[in-house]
Amino acid sequence: MIESREFVFDDGDPRQENPLLQTLRTSCMLCYCAREEQAEKVRELEDRIALAEQPHAGLVFIVNSIFAFVKEALQNPLFEVCVIFGGLGYSVFTRILNPSLMLHKNILLNMVFTVGIICIALLLIGLLKSIVPALQYCKEVKACKSTYAEDQKKATIAQYVIEAVEDQLKELIKDGGVPEKYWDWGGEIWDYIQSKQADNLKEALELLESDIYQAQMQLAAQGKLNQNF
């Protein structure tokens, strides 16, 4: 959920009398309302609506869960090594010790059959692991279906509120409000002003751009770090 903010100056703060900062305060508050609070509400409602509209939700959930489980297991390097050497070891030792236990006389085909059996076992394990979550998921779908019409109405109203607020934001731009490019950052811009890190909109935007750039650099560095492992 979005963290709530108070768009006010502290008691006795002389900046309360600054008309430009008051306009900026109003603009930031509207940005936060439209682009964060209401937008979050719309996303949650749209997720509920999409869930209610999903056909065969339980079956789809089980199939996706099974294949996700199998895919994760097969992509695990340790598991792959165990499967390959386990299948090969089984083939070799059964041929030496008791050939009647072999699935096929050809070692390569016997190994393939062994791996196939392991994959079937994984599918069964994935099925068992998905049953309880699938039941819970079906309950959520049922709940969404029961409020489907109401959720659609709420989503429409919330979207209308966003559009109305954005019209107000456009009007405030010429008086010192937040530029449209930064509407998604109204809460952060106000934080810079309220905490006295910035004295005006220009300084707040400079700080915002700096913080965004640093965050992007950190993500890029983490991406490179992850690729090295």
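A search of the whole structure finds zero disulfides, a disulfide being counted when a pair of cysteine sulfur atoms lies within 2.5 Å. Such a link is a covalent bond between the sulfur atoms of two cysteines. Cys-28 is in no disulfide, and the nearest cysteine sulfur, that of Cys-31, is 6.1 Å away. Cys-33 is likewise in no disulfide; for this residue the nearest cysteine sulfur, again that of Cys-31, is 9.9 Å away. Cys-28 is also buried, with a relative accessible area of 0%. Here buried means under 20% relative accessible area, exposed means over 50%, and partly exposed lies in between, with a 1.4 Å probe and protein chains only.

The model is predicted, and local features need pLDDT of at least 70, side-chain atom pairs count only at pLDDT 80 or more, and totals for chains, interfaces and linings use all residues. Residues are numbered from 1 along each chain as its sequence is written, and side-chain values use heavy atoms, with hydrogens and water left out.

Helix α4 comes next. Helices (H or I, at least four residues) and strands (E, at least two) are DSSP runs, numbered from the N terminus. Ser-130 lies in helix α4 and is buried, with a relative accessible area of 2%. Leaving aside neighbours within four places in sequence, Ser-130 is in contact with Phe-61, Ile-62, Ser-65 and Ile-66, where contact means heavy atoms within 4.5 Å.

Ile-120 is also found in α4, which covers residues 107-146. Together with Leu-124, Leu-127, Leu-128, Ile-131, Val-132 and Leu-135, Ile-120 makes a nonpolar surface patch of about 680 Å². An α-helix has 3.6 residues a turn, so residues three or four places apart point the same way.

Two residues draw attention by their backbone angles. Most residues other than glycine have a negative phi. His-56, although not a glycine, has a positive phi of about 50 degrees. His-56 is placed in the loop between α1 (19-53) and α2 (57-75), and counts as exposed at 64% relative accessibility.

Lys-196 lies in the loop between α6 and α7 (201-228), just after α6, and counts as exposed at 57% relative accessibility. Within helix α6 itself (residues 186-194), by contrast, Gly-186, Gly-187, Ile-189, Trp-190, Tyr-192 and Ile-193 are buried.

Terms used. Patches are made of residues with over 30% relative accessible area and no salt bridge: like charges are joined within 9 Å, nonpolar side chains (Val, Leu, Ile, Met, Phe, Trp, Tyr) within 5 Å. Accessible areas come from the Shrake-Rupley method with a 1.4 Å probe; for residues, only the protein chains shown count as cover. A salt bridge is a side-chain nitrogen of Lys or Arg within 4 Å of a carboxyl oxygen of Asp or Glu.
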